[in-house]
Amino acid sequence: MSPPEPRLKLLHISKRYPSVVANDDVSLSVMPGEIHAILGENGAGKSTLMKIIYGAVKADSGEMLWDGRQVTIANPAQARKLGIGMVFQHFSLFETLSVVENIALVLDEPFDLAGLAIRVKEVSERYGLPLDPHRRVHSLSVGERQRVEIVRCLLQDPKLLILDEPTSVLTPQAVQKLFETLRRLASEGVSILYISHKLHEIKSLCDSATIMRGGKVTGDAIPRDETPATLARMMIGRELPVCEAPPYHGPVHPVLQVERLSLASDDPFGTSLHNVSLTVNAGEIVGIAGISGNGQAELLAALSGETTVDREAVWLAGEAIGHLDAGRRRDRGLVFVPEERLGRGAVPALPLDRNALLTGHRQGMKRWGLVAFAKAQAFAEQCIARFDVRCSGPGAAARSLSGGNLQKFIVGREIMLAPKLMIVAQPTWGVDVGASAFLRQTLLDLSRTGVAILVISEELEELFEISDRIAVLAAGRLSAPQPREQADAESVGLQMAGLFNEGNAAETGHAPA
Amino acid sequence: MHLLEPRAQPSQLMRWTAPLIAIAATLLVGSVLFEALGKSPLASFHVFFIEPLTTDYGWSELLIKACPLILIAQGLAIGFKARIYNIGAEGQLIVGALCGGGIGIAYGETGGAWVLPAMVVAGAIGGALWGAIPALLKTRFNAEETLTTLMLTYVATHLLSYLMHGPWRDPEGMNFPQSVMFGDAALFGLLAEGLRINSSLWIVIFAVLAFWLFNARSFLAYRLEVGGQAPAAARYAGFPARQTVWFSLVVSGMTAGLAGVGEVAGPVGQLNLNISPGYGFAAIIVAYLGRLHPLGIVLAGSLMALIYLGGEAAQLSLQMPAAITGIFQGMLLFFLLGADAFIDNRLRRRAR
Amino acid sequence: MLDYLPLILAGTLAAATPLIFAGLGELVAERSGVINLGVEGMMLIGAIAGFAAAAETGHGVAIGLPAGALAGAAAAAVFGFFALSLAANQAACGLALTIFGIGLSAFIGQHYVSYSLPGLQPIAIPLLSDIPLLGPALFKQDWVVYLSLVAFALVAWTLAKTRLGLLLKAVGEAPDAAHAIGYPVIAIRYGAVIFGGAMAGIAGAYLSTVYTPLWVQNMSAGRGWIAVALVVFATWKPTRLMLGAYLFGFVTILQFHAQGLGIEVPVQLLAALPYLATIVVLVLISRDRKLLQLNLPASLGKPFLP
């Protein structure tokens, strides 16, 4: 008997974009029933490779073999016909449509919503992914949305399932459930391509791994036989950098106080805040864990002043500022790094010096209503030098920078405003490992100079690395912050799912009654 | 069907050559059009673009038509940068003309030197108020300014028509829908014997300089630009959005109102139903063609004025309907928008 | 007053008809995420094309409406090239189309200024038209009025009940997601925009071959813009669009009967009524931000580059 054919084999795939080579001579193969990891950090070319397999992007060169036969996949519909299903990182769902309508849109069969709803229920129950087919997607949690994507693939009887960073939006418990589902699918003969940069997940789930860096394959491995350190070395080419958190010895006094903040969301698809209370002291970093969509956007807007609230709901250094807009709060020493860098933290088409002006104009860059552009340029140059922003200079458009470098610029700009309080959302989203470590260390160093820092992040590991205290925001309610030493991923994960520790909440009076 | 892909860095070269490409494309399609109508393109273009400029009178007419276009476009450009789309400058022009013209009718014969300045101020205020209505509707009720400004233009047109058919009609005008001719006190002084160019030119020159300074150096202009390009960034920085709406619409209404006074106290000399051949709409094209830049607008306004002049000349010597002006204007804006697509994008390369 | 009721009702239906066609077309385009402010221009192009075809062939409305639809569709395709293929600013492209359409229709219309067409005879629907008072008003109309009801039913059914309707909504809401699962976003938007153009063309041809029926420069007189406003008023729902169209038909027709009804307001000011009503209606609907946000196609007006 000859050895079985690989389900999918890629040979020498290359893809170039105007500014980068996304894939350079990439080859790999996946057997039926194999869970195969594609490991690499942000920008390594994993997503492009998956889009090529799924027919959403065309490769410049290279070959693809499916069950031993050469194929060219022109579009996603053809990929689905072959039996390739994809669960997207940023979900490809339509918010105002129902679950079953979303699924109907990808199925190549007569349009019959009622019949499909029954099948959705069957399949979702068989695989332990319960779903109500008639709910509108905007009312679903992030985890439920992922279920919709997975069920959508399963209804097409896939032979290969691609998952792109599927756990970045899940609680630790939900990750375990997902893994069970995936192992079951693999045991039924489905091949799985699992894209991630999370080393321990790959170690616990995957049978084999292809490691990518800068668009090239840098190694193949059996994850069980490796340590996170050896995998990391293949992934980033050196050891994983570690942050240092020195103790703080300065005076401790509250800088940010949030008192019983409640806020109805403006967004019909948003989450309202209920009775949120929180204190951040000088010299500490408080981390707020939780999955986006649980009131993060609303809390950030209420703290930054983009949404104004009751006067006495927010205090900065002893002054009630809830009623002040973002500009007035900034005048009093609050700075903010939002999760959307392009379009919110910076104006995409404007050069860096004009983006320095955005919040830096307070540093004497204007006089009688006129702008001193030379000062804005000097400020931008200083920021670029001090925070190691790789770019062509202060004249580079914000959108021409990589995610990490733009984030360094925005964080740097805000730090140069000499804040009392810094609020940071998702500090390292889409940022490569080196820049991430730099940014985390920068925040730690800043806090030790007496600045109060509030970090909102989906990355639990990150919060455990830099926070002094950690709270959880779920369904618009904030748990009581716990010192990092007393918190563990397990309990924080449960809280992220909305199961607050009632005893703890009652003691401190922070959580809702 | 996907023709484009984004550039890493916007092309500065395209930003400034796009208008030239648009003009060239318009001329090209225009010559096809002339050819189809059985006219020689070259001769037609000569009539259209060269002949009007062979006399002093022609140059004076060019300025007369360019002035209102430039003035209105300066105001509109401020709003367009902030992505506030006032497309009802025509209505603001009419209301400005009515406010100024009302004073002209009442005091043009009898009043002193104060009459003209009073008309200018009244026109500016009238236009600004007509622009303030959509600003109020947008900030208070979230109503789209594109539609409200345009609807108010129709309202202004009917208001003008009512006044011309009713209370303000010249009693000795044989029932024509028009007012009395204004007296000297209500007219801008002529700058040269035998030409129609008048002293309202100074207002326009002053306005261009003021807008240039505002755009080049003021922090407010920067705030408007941020508000237009990235509303979330403006909110993030704490730039009030309402102020942007009010400022954009009131300033553009004001410049349109001023242009209205310039017409009725200038070449028209009275109120009638034809005080503007669509300057308020053409100025939208002028603003974009001039790259929303005060000096670019001067060039673009002059070109647009030439298209108007050429249209009139074509009517006389080529027996072509003056509506050809509108065709050229529409094509010009289309091609400009098309060429602008290549500032931020480039042609997609085929996968090899 | 009662004597005028049948006249006013009959007039309302006829005056609403162009708004229904143009409005339904724009509604479909906007559902797919494209705002086309060129409705006024497409209507005028449709009006002159329909008029010219009817006048030249002598076949009247039967050839006028298809010609108008074709011309409107062609104009929309030009818009589509700039706004979709080149991803240019949709609002500005629509404006260009309107300016172009006003100019082009006036240019061609020059030849037809003194023409007039026979128009259409009303068709009485048996039984229903015998109902006293309302019968002759509502059920004795020309066939294009009935066609507008058919168009409404088709559009409403397609949007609510078919895969195509779902797809339009999906593309209008999240073009990136639609692209990711393999739908040709731009092609779908072209289809919606061209449909919108054809419908605007029919609306224009109705004006010039049935409603007036003669060619007057700029004869749409802002109806295209009112149709755009109606789509907002309708919160992108066909049934509400019909309601709005009839409301505006009523306001439009009111001015012709004002004197008979004893309303002593100068005609020029009464003529401004539909435009003022548009503003009032926009304000009423827009003040409820959440209602708008819930129904607004999320990507409306945003160019899509995959």
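Predicted model: local features only at pLDDT ≥ 70, side-chain atom pairs only at ≥ 80, totals over all residues.
Residues count from 1 along each chain as its sequence is written, with chains lettered from A and ligands numbered from 1 in the order written.

Confidence. Where pLDDT is low, the coordinates should not be read in detail.

Sheet. I traced an open, mixed sheet of six strands in chain A, ordered β6-β7-β8-β3-β9-β10. Strands here are DSSP E runs of at least two residues, helices H or I runs of at least four, both numbered from the N terminus; two strands pair if DSSP finds at least two bridges between them. At the edges I find β6 (84–87) and β10 (216–221) of chain A. β9(A) (208–213) pairs antiparallel with β10(A) over five bridges, and T210(A) has D220(A) as its bridge partner.

Contact. I then checked chain B against chain C: 44 residues from each take part, a contact being C-beta atoms, placed from the backbone, within 7 Å. On the chain B side, α13(B) gives the most, 13 residues. I sorted that side into 28 nonpolar, 14 polar and two charged (nonpolar: Ala, Val, Leu, Ile, Met, Phe, Trp, Tyr, Cys, Pro; charged: Asp, Glu, Lys, Arg; polar: the others, Gly among them).

Methods:
Contact = placed C-beta atoms within 7 Å.
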